[in-house]
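Here are my notes on this model, as numbered points. Have the backbone and the side chains on screen while you read.

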Amino acid sequence: MSGISGNARAERRVRLARAMADEGIDILVVAGNPWRSDYLRFTADVTPVEGHAFAFIDREGPARIITEHPAEARRLRSEQAELDVRWSLSAIEETETAIRELGKRRIALAPRAAVPYRLAMGPLAASIAPATALLDRLMLRKSPFEIEAFRRAAVLADEGYAVFRDAARVGRPEYALVAEVEAFFRSRGCPENFQILGSGGREVRGMHPPTERRLAPGDLVTTELTPCVDGYYAQICRTLVLGEPSNTQERAFAVYNEALEAGIAAVRPGAKASAATVWASTWTGDPPCSRTSI
C-alpha cells in the first residue's frame, strides 16, 4: 500500500488530537473495510484489503488496530511497526469488548456509513458520540503538505498518461497498456494506482478492467489513471483515437471543447452551477480526445 510519510502522519495526528480535544473526545474509534477505508487511512494510515478493521485513536497515546484476518495484522505491523495490531475472527465483538473496557472515557465513533450495525445500533450506541462530521471537516480542509501531495500525484498521473498514449498501438492487447503504465508508476515509487479502460468504436459503453481485446485502427481508447502519492490520489480521464479521427469524432471533439470553454467561462464567485456547467468544467488538462498515430 502507498502510505504517507512520517512527517505527514505526525502533522495529521496533531490536527486530529486538537480536534478531539475541542470536542472533549478521549478515544476515537474508526471503522473501515476494503470498500470504505478513507477514514481509516486519514486517522491511522491504515487501508484494509480484507474484512473489517477498527482503529482506536487515543488522543494522547498510540493507536490500536483490530482486524479480522491474521494476514492483515501482519501486513499492518510490517508497514507501521509502532502500531499495536491484533486480529480476531470476531473483530466486531472484540471491538465492542474493547470499548467497554475503556470505562468512563468519552468515546466517539465514525464513520456512520462504515460502522457495523451491531456497534451503531447495539447496547453501546447510546454511550458513544458520533464523530463523522468532525472527521469530514478535517478531511475537507487540506493542509499545505496535503495540497502538495495532490499536486505531485497530478503530475505523476499526467506523466503516466504519456506512457499510456505511447503504449496504445494497433494490435496490442488492453492488458499490455495497463501493464506498461503500472510498471512506470512502480518505477516512480507509486505501487498504488486505480485504472480502468475501454477501447473500440460506438459499441463501447463504459470502461472496465483490461481484457485480451487487441486495439484496432480507428479505436477510441479511454482510460482513468489514479496514482497515489503520500496517501493522496489524483485521477485523470482521457480519450485518444488510434489513427486519424473520423468526421464524427472530430465533431464530438468540437462539442466537448466548446463545453469546456463555456464551463471555464461560467466559473466565477457567486455563480450558480447548473448540471451542464458543472459537467463541462470538470475536464482538466488535455482535451478529452487527442490523436496518436497508428
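1. Start with Asp230, which sits in the loop between strand E8 (220-229) and E9. Its phi is near 50°, a positive value in a residue other than glycine. Asp230 counts as buried at 17% relative accessibility, where buried means under 20% relative accessible area, exposed over 50% and partly exposed in between (1.4 Å probe, protein chains only). Helices (H or I, at least four residues) and strands (E, at least two) are DSSP runs, numbered from the N terminus.

2. A word on the source: this is a predicted model, where local features need pLDDT of at least 70 and side-chain atom pairs count only at pLDDT 80 or more, while totals for chains, interfaces and linings use all residues. Residues are numbered from 1 along each chain as its sequence is written, and side-chain values use heavy atoms, with hydrogens and water left out.

3. Asp45 is another one to look at, with phi near 55°, again positive in a residue other than glycine. You'll find Asp45 in the loop between H2 and strand E2 (53-58), and it is buried, with a relative accessible area of 7%. Then there's a cis peptide bond joining Ala110 and Pro111, with omega about -10°. Pro111 belongs to the loop between strand E5 (107-110) and helix H5 (117-121). Most residues other than glycine have a negative phi, and most peptide bonds are trans, so these spots deserve a look.

4. Which residues lie nearest the centre of the second largest pocket? They are Ser37, Asp38, Arg41, Gly231 and Tyr233, out of 17 lining residues. Helix H2 (38-44) and strand E9 (232-233) are the elements that give two or more residues to this lining, and H2 gives the most, with three. The pocket's volume is about 310 Å³. By class, the lining has eight nonpolar, three polar and six charged residues; Ala, Val, Leu, Ile, Met, Phe, Trp, Tyr, Cys and Pro count as nonpolar, Asp, Glu, Lys and Arg as charged, and the others, Gly among them, as polar.

5. For the pocket method: on a 1 Å grid over the protein atoms alone, a pocket is an open set of points where a 1.4 Å probe fits, with protein on both sides within 12 Å along at least five of seven lines, and lining residues have an atom within 4 Å of a point. Grid points are joined across faces, edges and corners, and the volume is the space filled by probe spheres set on them.

6. The whole structure has three aromatic pairs (ring centres of Phe, Tyr or six-membered Trp within 6.5 Å; stacked under 30 degrees between planes, edge-to-face over 60, tilted for the rest). One of them, Tyr161 with Phe164, is stacked, at 6.0 Å centre to centre and 25° between the planes. Both lie in helix H7 (residues 144-167), three residues apart, about one turn of the helix. Tyr161 is buried at 1% and Phe164 at 0%. The charged end of Arg238 sits over the ring of Tyr161, 5.2 Å from its centre (the cut-offs are NZ of Lys or CZ of Arg within 6 Å of the ring centre and within 35 degrees of the ring normal).

7. Finally, Met20 in helix H1 (residues 6-23) is buried at 1% relative accessibility. Leaving out residues up to four places away in sequence, Met20 touches several residues, including Ile57 and Arg59 (contact means heavy atoms within 4.5 Å).
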